[in-house]
Each structure stands twice: as structure tokens, then as C-alpha cells.
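Here is a short briefing to read alongside the model. Please have the sequence and the 3D view open as you go.

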Amino acid sequence: MFQFLKTWFANIGKLPEELMSELQSEGIVLMNEKVRGTITYRDFHAPGKRFFYKKSAFTSTLVLTKERLLATSYSNKAINVPCTDERFRSMKFTVEDGKLCVFFEASLFHPEWSGQLEFRFKTPDAQQFLDEIQKQLV
């Protein structure tokens with residue numbers, strides 16, 4: 001039982017092998033595993049969910065390839081957007097206190113949702129991620 005838990009905790013925030021090979025074929029520009037992240041919901045409405053303000057923490061892998069930005073929440077894809085997608089240009093990216101911040105309207109990816117979503121990823125490479133993302137936006 002202890003070995004199972006040790007293995008399970010060791011894999012939190014890591015990408016599955018099949019997804020990793022897909023990202024490698026796209027050309028990984030930057031990648032950080034086991035990144036601490038938070039998501040903040042503001043005035044959020046979705047079917048069955050309503051939050052005036054809610055903040056949740058998670059462990060993430062943050063990856064920028066030549067083709068997309070991917071961020072996980074545990075092992076689920078939280079952000080998965082191609083750099084050529086018009087929605088990518090509608091997202092706001094900043095660095096604050098050593099964290100890469102990603103802001104966007106919830107309806108950008110889910111028409112039935114409303115409100116704002118704010119992701120923050122604490123990574124030593126936050127400024128590098130921002131610089132590379134800005135290159136993709138040009």
C-alpha cells in the first residue's frame with residue numbers, strides 16, 4: 001500500500017507517456033512539471049455551478065510547444081489551445097510575483113459558461129514562458 005501511494009504521489013503533475021510523445025513531436029519550447037498552480041473563478045456561471053469567487057490549488061505540468069500551450073490540473077487538461085487559434089490571442093498573459101498568469105473569459109472555450117478564469121503557475125521560468133508566448137502571438 002505504501003509503495004502504491006508513493007508511486008501515485010510521485011506521478012502527480014506529470015504527463016502520461018502518450019501525451020508526452022505527442023508534445024515532443026510538436027517541438028517542446030518550454031516545459032515545467034510538478035508546478036504549483038491555482039485557478040480563480042470570478043462571477044462564474046456554468047450549468048450546475050455558480051461561484052462569485054472561488055480559488056482552488058492544483059499541481060500542473062506547463063508546456064509550450066511550437067504549436068500549442070498546454071497546462072494540466074493534476075492529470076486533466078486545464079488549458080489546451082493551439083497557438084494559431086484565435087482564442088489564444090484573446091487570452092491575457094502576464095507575470096506577477098514569479099507566476100505566469102493566464103486570464104480569459106470563461107465563454108471563450110465554453111459558450112454556455114460566463115465569468116472570468118484566472119490561472120497562476122508558480123514556475124522559475126515564468127518570464128521565459130511569457131517571452132515565448134509573446135513570440136507566438138506575433
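**Helix 4 and its surroundings**

The buried residues of helix 4 are Ala126, Phe129, Leu130, Ile133 and Gln136. Viewed down the helix axis, these residues fall within an arc of 120°, so they line one face of helix 4. Please keep in mind that this is a predicted model.

*More on helix 4*

- Helix 4 covers residues 126-137, which makes 12 residues.
- From its first C-alpha to its last, helix 4 reaches 17 Å, close to the 16 Å expected at 1.5 Å a residue.
- An α-helix has 3.6 residues a turn, so residues three or four places apart point the same way.
- The cover over the buried residues of helix 4 includes strand 1 (28-46), strand 2 (49-65) and strand 3.
- Helix 3 (86-90), strand 5 and strand 6 are also included in that cover.

- Strand 5 (residues 92-96) pairs with strand 6 (residues 99-105) in the antiparallel sense, over five bridges.
- Within this pairing, Lys92 has Phe103 of strand 6 as its bridge partner.
- A hairpin is formed by strand 5 and strand 6, with two residues between them.
- In the turn of that hairpin, Asp97 has a positive phi of about 50°.
- Strand 6 is also joined to strand 7 (residues 114-122), by seven bridges, and these two strands run antiparallel.
- Here Phe104 has Leu117 of strand 7 as its bridge partner.
- As background, in a regular strand the side chains alternate between the two faces of the sheet.

*Arg68, a buried arginine*

- Arg68 lies in strand 3 (residues 68-73).
- Why does Arg68 count as buried? Its relative accessibility is 8%, and the cut-off for buried is under 20%.
- The side chain of Arg68 makes a polar contact of 2.6 Å with the side chain of Glu22.
- Another polar contact, of 3.0 Å, joins the side chains of Arg68 and Glu26.
- Leaving aside residues up to four places away in sequence, Arg68 touches Leu19, Glu22, Leu23, Glu26, Val63, Asn80, Val81, Pro82 and Cys83.

*Cysteines*

- How many disulfides does the structure hold? The count is zero.
- Cys83, one of the residues that Arg68 touches, counts as buried at 3% relative accessibility.
- Cys101 has 0% relative accessibility, so Cys101 counts as buried.

How values were computed. Residues numbered from 1 in each chain as written. Predicted model: local features only at pLDDT ≥ 70, side-chain atom pairs only at ≥ 80, totals over all residues. Heavy atoms only, no water. Pairing = 2+ DSSP bridges. Helix = DSSP H or I, 4+ residues; strand = E, 2+ residues; numbered from the N terminus. Buried < 20%, exposed > 50% of the residue type's maximum accessible area, 1.4 Å probe, protein only. Polar contact = N/O pair within 3.5 Å; in protein donor to acceptor, adjacent residues only side chain to side chain. Contact = heavy atoms within 4.5 Å. Disulfide = S-S within 2.5 Å. Expected span 1.5 Å × (residues − 1). Arc of directions from axis to C-beta.
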